[in-house]
Each structure stands twice: as structure tokens, then as C-alpha cells.
Amino acid sequence: MPAAVREVWEEIVASNELAGTVDRQALEAYCHLIARLRAAQARIEEEGMVVRDTKGKVIPHPALEVERKMTDAIRAWGDRFAPLVKPIRKRGYMADATAVAIANAPHLQGDGAKQYTALIAAARTQAWTIDEAQRDSMAALNDAVVKIMPQYVKTCAELQITPASLTAVAAPTPAKTAEPEKEAGKSGSNVSSFQERANRRRQAG
């Protein structure tokens, strides 16, 4: 593989995290197109947009036609090898508190944390979804409280960390004389409290 083509290959693999999953023949063909496009552009940059033919007549640089054809060929590939654009998540209380809880849990650090990788990702995503719902509207927040919050609490329990929602908006601890039914409803009160606190924060903002 020519050096210019290999340079393109390494750029694409690095930006797309394609190692081990790429169609090598397709990628190599794509890299050749880009390498030729770059070579044509370098010629044009060095020699100018026009040149003289064998008879001394001024004509468009032949590399311009090569540039056009390579551009069309590359465009035909669409975004198959385009660099990945990772979404930037806004920070929010739930996401931040969840990150802190995970960072402070010794069993979720180092090699021992590998078995929790999927759960950690789920907890972070669920927390971020709740934050986004709060930023969106009360309707979205209501929906998140019903659909996402129970999943988030369950995920945190499996990770053996304190759910961020409960540490932040926990309802007052029931008196020791409270009836059993009220004790059993403690989790539901916390979820309702979260919704009420979020509503107040939105109105205050």
C-alpha cells in the first residue's frame, strides 16, 4: 500500500474506531480515492489553476478534472467511512451525582469493574435521560419519572450505589410509629418528591 494511501487508512481507522470490523478491500479503495484527490489538490496548489499545453495555449490544469472525478467518487460512498461525531451530553444533577456515586464505589474501579461495564453505562444514560427530560418540559419529566426512574433505581441497586434521586430529593424519614403501609410506600414518595423539587427548580429558573 503506497505511503499516501496508508496515511489516509490510519486517519480513517483512528477517527472511526474501525479496527477489527472494517471491510479492508472497500476501505483500501476509498483511501486510494482520497490519496489521489489530495495529490491532485497539491498539484493545483503548487502549479496554479491554469497551465500551458504543448502549443503554449493557456488551459485549465488537468488536475482539476482529476479533482472533480475523485470528489464525485468519494461522495458516492456517502458517510460509510466518515468520522464519527459523538454527541456531547449536557451536564445535569442526575448525571453528575451518578458519576460521583460510581467514582466513590471501590468495587466499580479497576479490573473488578469489568463485570459492571454495561450496568454503569445504563445508569449514566438513564441519569442523563432524566436530566434531559427536566430540561425539556414537565410532560417529559412526568414521563421520565414513570418510565425511566424505576429502571434507574433498579440499575443503581444492582451496582450497589445509592441512587442519586434518593440522596438528593429523599422524602423525610417516616416516624418509627408510622404505619407499615407508609413505610412500604417510601420509594414512591421519593419519586414524587423528585418531581416536585424539579418543578420548583424549573419555576424558580
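The largest nonpolar core of this predicted model has 17 residues, and those with the most contacts inside it are Met94, Leu108, Ile120, Ile130, Tyr152, Leu159 and Ile161. A nonpolar core here is a set of buried Ala, Val, Leu, Ile, Met, Phe, Trp, Tyr and Cys residues joined through side-chain atoms within 4.5 Å. Buried stands for under 20% relative accessible area, exposed for over 50%, and partly exposed for values in between (1.4 Å probe, protein chains only).

**How to read the values**

- Residues are numbered from 1 along each chain as its sequence is written, and side-chain values use heavy atoms, with hydrogens and water left out.
- In this predicted model, local features need pLDDT of at least 70 and side-chain atom pairs count only at pLDDT 80 or more, while totals for chains, interfaces and linings use all residues.

- Another core, of 16 residues, lies apart from it, and its members include Ile12, Leu27, Leu33 and Ile34.

**The chain as a whole**

- The protein chain has ten helices and two strands; these are DSSP runs (helices H or I, at least four residues; strands E, at least two), numbered from the N terminus.
- From the N terminus on, the order of elements is α-α-β-β-α-α-α-α-α-α-α-α.
- Of its 205 residues, 28% count as buried.
- Among contacts (heavy atoms within 4.5 Å) with a separation of 6 or more, 64% come from residues 24 or more positions apart.
- The chain exposes about 13,400 Å², and carbon and sulfur atoms supply 55% of it; accessible areas come from the Shrake-Rupley method with a 1.4 Å probe, and for residues only the protein chains shown count as cover.

**Helix H1 and its buried face**

- Helix H1 (residues 3-16) has 14 residues and reaches 20 Å from its first C-alpha to its last, close to the 20 Å expected at 1.5 Å a residue; the expected span is 1.5 Å times one less than the number of residues.
- Val5, Val8, Trp9, Ile12, Val13 and Asn16 are the buried residues in H1.
- Viewed down the axis of H1, the buried residues fall within an arc of 130 degrees, so they line one face of the helix; the arc is that of the directions from the helix axis to the C-beta atoms.
- These buried residues pack against helix H2 (24-47), while Ala3 and Ala14, on the other side of H1, are exposed.

**The aromatic pair**

- Rings of Phe, Tyr and Trp (its six-membered ring) pair if their centres lie within 6.5 Å; planes under 30 degrees apart count as stacked, over 60 as edge-to-face and the rest as tilted.
- One aromatic pair is counted by this rule.
- Tyr30 and Trp77 form an edge-to-face pair, with 5.6 Å centre to centre and 65 degrees between the planes.
- Tyr30 lies in helix H2 and Trp77 in the loop between helix H3 (62-75) and H4, so the pair ties together parts that are 47 residues apart in sequence.
- Tyr30 counts as buried at 8% relative accessibility, whereas Trp77, at 25%, counts as partly exposed.

**Two residues to look up**

- Thr155 is found in helix H7 and counts as buried at 8% relative accessibility.
- Leaving aside neighbours within four places in sequence, Thr155 is in contact with Leu119, Ala122, Ala123 and Gln126.
- Ala113 lies in the loop between H4 and H5 and is buried, with a relative accessible area of 10%.
- With neighbours within four places in sequence left aside, Ala113 is in contact with His107 and Leu108.
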